[in-house]
Structure formats: C-alpha cells, structure tokens
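User: I have a model open and want to learn how to read it. Can you take me through a few features?

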Amino acid sequence: MNVVVLIKQVPDTTNVRIDRKTNNLVREGVPSVINPDCMHALELAAQLKEKHNATVYVITMGPPQAINALKDAISFGLDEAVLLSDRAFAGADTLATTYTLYKGIKKIEEKIGKIDIVLAGRQAADGDTGQVGPGVATRLGYSLAAYVTSIEKIEKDEIILTRRLDRGYEKVRVKIPCVLTVTPELNEPRYASLPNLIRSLRYQPIVWNKDDINADPKKAGFFGSPTRVVNTNIPPARKGGDIISKNESPEIAAQKLLDELKKFESIRLIEGLRVLVGDKK
Amino acid sequence: MRKIFVFVERVDGEAHPVSWELLGKARELANNLEESEVWAIVLGKECENVCKEAISRGADKVLYVKNDQLVEYVNYKYKKVLVDIVRKYEPEIFLIGATLEGRELAGMVATELETGLTADCTGLDILPDKKLLAMTRPTFGGNLMATIMCPEHRPQMATVRPGVMRELPPDPNRKGEVIVEEYSIPEMEKFIEILEAVPLSVKSNLAYAPVVVAGGKGVGGPEGFEKLRELANLLGGEIGASRAAVKAGWISDEYQVGQTGKTIHPVLYIACGISGAIQHVVGIKESEIIVAINTDENAPIFDVADIGIVGDLHAVVPAITSKLKAMKGEVRK
Ligand SMILES: Cc1cc2nc3c(=O)[nH]c(=O)nc-3n(C[C@H](O)[C@H](O)[C@H](O)COP(=O)(O)OP(=O)(O)OC[C@H]3O[C@@H](n4cnc5c(N)ncnc54)[C@H](O)[C@@H]3O)c2cc1C
Ligand SMILES: Cc1cc2nc3c(=O)[nH]c(=O)nc-3n(C[C@H](O)[C@H](O)[C@H](O)COP(=O)(O)OP(=O)(O)OC[C@H]3O[C@@H](n4cnc5c(N)ncnc54)[C@H](O)[C@@H]3O)c2cc1C
C-alpha cells in the first residue's frame, strides 16, 4: 500500500504579514508549525504504516523553510518527505496548489508505483479554504471522502469510514484509490519515539523544483491562479461598553441589565424581550 | 443574458436555508449587473415544491435536473451534473452554500472546470465598472478580511457562509420558469457509496437563533447549563458554549462557538462565565448586542461586551429569568 500525506506549514501566531505588492501572505520570518489538521493525517499515516505495512511519503509545497515541517513529519516514523519548492510555485491559489501537488504525487508514483491513498487535513489554519483535498482528488480522478471522523475497515480496494456532514454523520464505502481529508475527531497525534525523533533530526527531505516534477509554469503559482486577492484588511476590533453593575445583588444586576437593554432598538427583533418595550404581543 | 447560478442544497424535500439566502443575495447582484438573471439549480426527484419556492424566493429560472440517482448527495455524481450543466449554460457566477457538503462539492467542481473558487464568503458585490464579482472572506480565524476576484475565468465561483446573507420573504406572485433538464447520468465507477446516514443526536439551532445564552468554564458543570437553558427558552433562543465547557464534557460540541466552532451573529449574545479568548470572540463579534456576566472584572470579554455585569452567573442568570417571567406575567394580566 502506497500512501502520500499532504501537509501544510502555517504561521504559529495570529501575527499576519501580507506582501502589499502581491497581497499574498509572507511566510518567511514568521514562526511556523504543521497545520493542526495535518497532524491527524500524519497520525493516520503512521497507523497505516504499522497495520498495513504502507510506504508513506509526506509532501508539501512551500518555501525552503517548510523543510522543518517535513522533518517534524518524519518523526511520525514515515518513509520519505518531499518539498516542492520553486519561485514558479509562489502566490498560488487552490487551483494552482492542487496542480503542483498533483504533479508532485505523479513524480512519487514514478518512484514507488501507484498511490492508493492520499491524506490531507480538512482545512488549513491560515488559508482555511478546505479546497485542496477535493481539488487533488479531482485532478487524480480518485474517489473523495472529506471530513473523515473514524475508520472502520481498510481492505484491498475499499475503505469503510464515517465522515461528518452538516446534517450529521455518514457511513460510506470509499473505493481505493482515494483522497481522504481528516478532522481532529479522527485520532490523537502521537508523541515521537526517541529513535524516530533522532532520525527526523538527521533526515534531509527530498527537494523538487518545477523541472523535477515537469510542471507547466503557466499552471502553477501566481500565473496558474484564476483568483486574485485584491485587498486585505484587518477588521477593527469591536469596542465594548461599560460595566453597569459590579458585585451588586443579583436582583439589582438583573434589573440594571433589563433597563440597559431597553436602550437598544434591535431588541424589538426578539420576541421574548418585547415585554421590555411595552409591546404586548 | 448573464446567468447567476445558485445551487439549491436540499435534504429530502427541503432546501437548506442557505440556499434561500443565496437567492436573496443573487437577486441583489442581478440588480447591479445589466442583463442578468438568477437561476436556481435543483437536483433530485419530487422537488416540484422546492422549485416553486425557489421562484418565490427570487429565482427567474429554475434548472431542475430530475433524476432518481440524485436524491441523495453523492459527491462524484453531483460534481458530474454540475460540471456538465455549467459547460452547457455557461453562467457568469456560481454560488454554493459553504456547508460541509457545499465546500466539498464546490472544490471538486471548480477544479474540474479549472476556474477560481473563493471559500466561505461573507460579502459579495458587483464592481460596477468592471462587472466583476468582489468576494470577501474572513481568513486566519477572522483576523484578516480578504477581498478576492476572479477576473478572467468563468464562472466566478464562491461558497458563502450560511446565516450571513438575507433571504427574501417568499412572494407567491413572483413569476419564473422551471426548466426540467433531461439528463441521464453516464455509467461511472462507484467511487463512494452511502451505507448509513447517522443524524446528530443533538441538533442545535445556534446559527439561526436570535438570542444565544452561552456558558464557559465558569458554569461549573452540566447542571449549570440548565439555568442558561431556562433563560434561553424564555427568550426564544438557544444555548451556546466555549470550548473549555465542551472539552470538560459538560455539553455537546454542537454548541461550541468560536474559531473551531460556529460563527454566530444573534441579536443578543449573553456570555456567562466565559473569559473572552480571541478564538471565542471571533465567533461572536458580529452579534448585535453582547452581554457579559463574569466574576472577574478584568476578564477580556468585558473589552468587547456592550453591557458588562461583574457577578456570579449562578445568581445573576436566575435573577434575570425570574424578572422576565414576572414582567411577562404582569403583561398577561
Ligand atoms: C488571505 C488569503 C485568502 C485566500 N483565499 C483563497 C480562496 O478563497 N480561494 C483560493 O483558491 N485560494 C485562496 N487563498 C490561497 C490559498 O491559501 C493557497 O492556495 C493555499 O496554498 C492552499 O489553500 P488553503 O490554505 O486554503 O488549504 P486548505 O484547502 O484549507 O488545506 C487543507 C489541506 O490541504 C493540504 N494542503 C494545503 N496546502 C498545502 C500545501 N501547500 N502543500 C501540501 N499540502 C497542502 C493540507 O493537508 C491541508 O491540511 C488565499 C490565501 C490567502 C493568504
Ligand atoms: C486553535 C484554537 C482554537 C480554539 N477554538 C475555540 C473556539 O472555537 N471556541 C472557544 O470558546 N475557545 C476556543 N479555543 C480555546 C480558547 O483559547 C479558550 O481556552 C476558551 O475559550 C476558554 O473558555 P472559557 O472562557 O470558558 O474558560 P476560561 O478561560 O477558564 O474562563 C472562565 C471564566 O469564567 C469566569 N467565572 C468563573 N466562575 C464564574 C461564576 N461563578 N460566574 C461568572 N463567571 C465565572 C472566570 O472569571 C473566567 O473568566 C481555541 C484555542 C485554540 C488554541
């Protein structure tokens, strides 16, 4: 069984930096971690390695410093890690991102044979679109199950799993080859064992540029992106009002609150508060 | 005619409310885009009532792809149909609700069509000079608003967050046309097959409640939420919770508000025993009125609350409930 895990390195802080020229995120110089959802994909991959003897490759598209995320990922006891890095990949929206990842997966396939399962996180903490998993599945022509919460059974050509939708959970049979996007409900990521930790420190990820994966520069990065971020702004913080009651008796506090609420026109929209404004309905 | 497509998400015979919100918004966009019309896309069978309602909610045309195989949402079949009808009718704009299903489906469709897709939008406008759709979305957990356009590829696609746009009240006199699309689904590999649908054991109405009474770590246990529930019921609202309360196992995660929970914008939000962490506040900051009840006058929640009460929620919340009950009793007399 051959497995590829897609991981993304994301900024650790809420410190957002944007390049005003391209209006893109500047990742260099900001402390980074593996995207939280991806940790659960890595854990699942480690389990597939243990239980199904899977060969697992981890892949990310990003700047050179994303090497660190790959080294951390290797500490899950996985086989190899690949960084897709090239100027031509920068400024990608999800369509261009999935193109580059697709080309990277195809290149891995040349080395180890047909990829059975591709794992991704449900969504990234920064870009937060949740579109990369569905996009990669579509490009590969694989089946897709997004939002996986538990896995019942993995067989040679199918997986029985449960996934989360808005209206509830859904148990499905998914044909292999497939792409799964996973949620935090699925598992608890492990702590690395000492040997795996040591290996990850020494490990040097494979680095591929656009020529290595035979990527068409018109389809990757900024030029391959149909969307343009035309403007970004940080919304003003909400300004609060006053503390109207401090450690008074509950009755007084409650009365003050109701009196205060009367000053807001919008409470007329609330059935249960119409009594306050003398509306008898 | 420029077509604005709206995907009508449907469970059994009923449309998801976000579909009507999108039709309301599409109507407004159509008013600002010359020679345009709003098309509702309905997949399934026995959807005649949904089609009718779509017209009363603002659609000029309803494209009804009637097929037995489309009764349930199965991602690869829905993708195939949507890709084919987009290729046939060439809409300018295609809007899909940003539910979990919608985001999965839109991601597949946009990739196959090789067009742009903006995720989870909270604002949509037409730029009059360029006739382009400007799509605004929160990123970084609501800390950064980004406006995105798709200048050259068509359709311009967006998923739109439920509960943000305003639906139009149904107008039974509105005129529109239902086009029943003859469509047979080609033989395909069975990529995914639904074995069982497991409905949620609790179903919260958080996203649409006009009042949310929420509790955090300060509530102290599952019983504490009963007091909040009583006030919420009296106000015709719903209860909510911080992640700390959910993690403590006091309440189901269906009720969690915030970055990793639901984003809500009720008229009135009452935060009881919630400190006001940034990840919580991003989920409530669009509320009309925020009330905070907390024993610690330095809690950050007071920085965003319109009305602050320093006090013990276990005493203050029941006092509010009984005051309101008394007032209602008087009115009835
Ligand atoms: C402010 C802002 C807003 C944006 N809005 C949009 C938008 O609306 N539409 C759009 O198309 N693009 C958008 N982008 C661009 C988008 O963030 C990038 O294309 C990004 O590379 C992938 O999208 P994501 O972060 O949303 O990932 P998601 O789809 O949320 O990530 C889900 C999973 O996909 C995998 N994955 C994601 N990125 C990578 C990667 N680089 N390498 C390996 N695996 C990965 C991981 O497993 C991850 O857990 C935006 C960017 C910014 C800065
Ligand atoms: C990636 C990430 C995502 C997150 N997502 C979310 C999210 O979606 N939603 C969310 O809520 N959090 C989220 N969090 C967690 C968040 O950072 C806080 O830890 C959490 O919101 C704290 O919950 P709390 O306010 O209930 O608890 P605490 O911070 O412990 O606050 C309890 C408050 O109750 C007050 N109190 C105690 N007793 C009483 C009493 N008797 N009467 C009145 N007041 C009392 C205390 O003064 C205190 O202010 C996230 C964190 C991370 C890192």
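User: Which polar side-chain atom lies 2.6 Å from an oxygen atom of ligand 1?

Analyst: Keep in mind that this model is predicted. For a polar contact, look for N or O atoms within 3.5 Å of each other. Here the atom belongs to the side chain of Thr129(A), 2.6 Å from a ligand 1 oxygen. Thr94(A) also places a polar side-chain atom 2.7 Å from an oxygen of ligand 1. Gly121(A) uses a polar backbone atom, at 2.9 Å from a ligand oxygen.

User: How much of the accessible area of ligand 1 does the protein cover?

Analyst: On its own, ligand 1 has 940 Å² of accessible area, and the protein covers 97% of that.

User: Which chains surround ligand 1?

Analyst: Check the chain letters in the shell. Residues of chains A and B surround ligand 1, so the two chains share the site. The shell has 34 residues, and Lys8(A) and Arg137(B) are among the closest. By type, 16 are nonpolar, twelve polar and six charged.

User: Now the strands. Is β7 of chain A largely enclosed or open?

Analyst: Count its buried residues, those under 20% relative accessible area. In β7(A), residues 80-84, four of the five are buried, so the strand is largely enclosed by the rest of the structure.

User: Which strands pair with β7(A)?

Analyst: Follow the bridges. β6(A), residues 55-61, runs parallel to β7(A) over five bridges. Val58(A) has Ala81(A) as its bridge partner.

Terms used:
Residues numbered from 1 in each chain as written. Chains lettered and ligands numbered in written order. Predicted model: local features only at pLDDT ≥ 70, side-chain atom pairs only at ≥ 80, totals over all residues. Heavy atoms only, no water. Buried < 20%, exposed > 50% of the residue type's maximum accessible area, 1.4 Å probe, protein only. Helix = DSSP H or I, 4+ residues; strand = E, 2+ residues; numbered from the N terminus. Pairing = 2+ DSSP bridges. Near = heavy atom within 4 Å. Polar contact = N/O pair within 3.5 Å; in protein donor to acceptor, adjacent residues only side chain to side chain. Areas by Shrake-Rupley, 256 points an atom, 1.4 Å probe, with all protein chains shown as cover. Nonpolar A, V, L, I, M, F, W, Y, C, P; charged D, E, K, R; others polar.
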